[in-house]
Amino acid sequence: MCVAIPGRIVELNGTKATVDFSGNTVEAEAGLVKVKIGDRVLVHAGCIIQTMSDDEADEMEELFREIEDIQI
Amino acid sequence: MNKLELIKEKLKDYDGEELRFMEVCGTHTAAISENGIHGMISPKIHLISGPGCPVCVTVTAVIDRLTELSLTENTTVLTFGDLIRVRGSKMSLADARAMGGRVEMLYSPMDAVKMAAKNPDRNYVFAAIGFETTTPVYAMVLKEIIAQDVHNLKLLTSLKTMPEVIRWVCKNTDNIDGFLAPGHVSVITGSDLFKQLSEETGLPFVVAGFDGPGLLAAVYALCGMRDKPGLKNVYKSAVSENGNESAREAVEEFFEPCDASWRGMGMIPGSGMRLKEKYGEYDAGSYGLDEDHMPPGCSCARVLTGEISPEECPLFGKKCTPEDAHGACMVSTEGSCYNYYISGRKKR
Ligand code: SF4
């Protein structure tokens, strides 16, 4: 139930945001975090709970960097 | 070979001591099944589901109160989908609806405010269950209720927090070698919370995302960090050390910590959140809902704590299936039994 989905803000009206999830747009409440149009955000149960780093491609790199020193 | 392939190979070939890692988050349980992670790793690495599916840990007294409300004149119970089919001591919300009770499913609790504002003569109760991820959403609901001066929407809260139940699991089991920290709880709490828990319990924690590579990287990290305290965050795109402070402030405005009852585990001090007294008018009678009647023969309690694997329950796949679920763990799409059933995930 703690599922949260990344999308991008395409419209902002006070604390009401329109978030695009690969073509589907959904209204989301933006009162829990400072956001602007164009931000990549995580939406949970109709609320934006966090902004995310912008570049998806970097995420994988970062993930492997974190475990670089680990051997099993 | 790229890094992901290398990790996959090492996890598949792992031949060291047997390792048991617990994912405390129900969304991780579902993601592990969907991505077939259990089939990609060595049989010596065991992934165990923990008590992090909010629907599964809700005690029957809460369901009973909700069914009673749904059958009360002029009252509609609003809820997330999965909760509808969970049986209370007598019936589920779906049963109550079949008897004429009013129950509606919503995607977002924010929609409850719109619904209540549109129908001022009807009373609405939102079944406010969830962990640290969802409580800020309820805080936003309350802000909106107050801003719009809505008086016909209340919350029935059964809100839980992770730290105390993780401590409880550590105290009551001694065979866990590390934890996959709940990713979207960490978005709110920050990864530092798990650093603290790691030092206390002496076990490694890895904050993980929900896609295949993220989950594999997290399991790989746990294998390398086994038996020693330590924290790694492989979900940095969403989880910072401090988390979302404004979400936590919103929660603090409306809620305070309380003791909470967990299905099959009983009362765990300081493991829940409840509305502060000054917002009591928005509470639909959440205090004291502690009774828990497990369906006869159901082993949910032992499944939720990782003591047994779902298929070790005598009813699993026989008397208890997703179509005719006995316990909550088979109802929820994040439940351990449901996920073991649909994906054939096995204890090996
Ligand atoms: S298989 Fe069914 S009866 Fe057994 S523990 Fe799971 S939910 Fe309960």
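In chain B, 77% of the contacts between residues at least 6 apart in sequence join residues at least 24 apart, a contact being heavy atoms within 4.5 Å. For chain A, 32% of the contacts between residues at least 6 apart in sequence join residues at least 24 apart. The model is predicted, so local features need pLDDT of at least 70 and side-chain atom pairs count only at pLDDT 80 or more, while totals for chains, interfaces and linings use all residues. Residues are numbered from 1 along each chain as its sequence is written, chains are lettered from A and ligands numbered from 1 in the order in which they are written, and side-chain values use heavy atoms, with hydrogens and water left out.

**Chain B as a whole**

- Chain B holds 14 helices and eleven strands; helices (H or I, at least four residues) and strands (E, at least two) are DSSP runs, numbered from the N terminus.
- Its radius of gyration is 20 Å, which agrees with the value near 20 Å for a compact globule of 348 residues; this radius is taken over C-alpha atoms, and the globule rule is 2.2 Å times the number of residues to the power 0.38.
- Along the principal axes, the C-alpha atoms of chain B fill a box of roughly 65 × 45 × 35 Å.
- Of the 348 residues in chain B, 61% are buried (buried is under 20% relative accessible area, exposed over 50%, partly exposed in between, with a 1.4 Å probe and protein chains only).

**Chain A as a whole**

- Chain A has one helix and five strands, in the order β-β-β-β-β-α from the N terminus on.
- The radius of gyration of chain A is 14 Å, well over the 11 Å that the globule rule gives for 72 residues, so chain A is more spread out than a compact globule.
- The C-alpha trace of chain A spans about 50 × 25 × 25 Å along its principal axes.
- Buried residues are 47% of the 72 residues in chain A.

**T75(B) and R102(B)**

- T75(B) is part of strand β3 (residues 75-79) of chain B, and it counts as buried because its relative accessibility is 6%.
- Not counting residues up to four places away in sequence, T75(B) touches L69(B), S70(B), R102(B), R122(B), N123(B) and V125(B).
- R102(B) is found in the loop between α4 (93-98) and β4 (103-105) of chain B, and at 39% relative accessibility it counts as partly exposed.
- Apart from neighbours within four places in sequence, R102(B) is in contact with S70(B), T75(B), T76(B), V77(B) and R122(B).
- R102(B) and L71(B) are 31 residues apart in sequence, and their C-alpha atoms are 6.7 Å apart in space.

**P136(B)**

- P136(B) belongs to helix α6 (residues 135-147) of chain B and is buried, with a relative accessible area of 0%.
- Leaving out residues up to four places away in sequence, P136(B) touches L32(A), I188(B), A247(B) and V251(B).
- P136(B) and E249(B) are 113 residues apart in sequence and 8.7 Å apart in space, C-alpha to C-alpha.

**The ligand**

- Residues around the ligand include C298(B), C300(B), C313(B), F316(B), H326(B) and C337(B); a residue counts as near if one of its heavy atoms lies within 4 Å.
- By class, this shell has nine nonpolar, three polar and no charged residues; Ala, Val, Leu, Ile, Met, Phe, Trp, Tyr, Cys and Pro count as nonpolar, Asp, Glu, Lys and Arg as charged, and the others, Gly among them, as polar.
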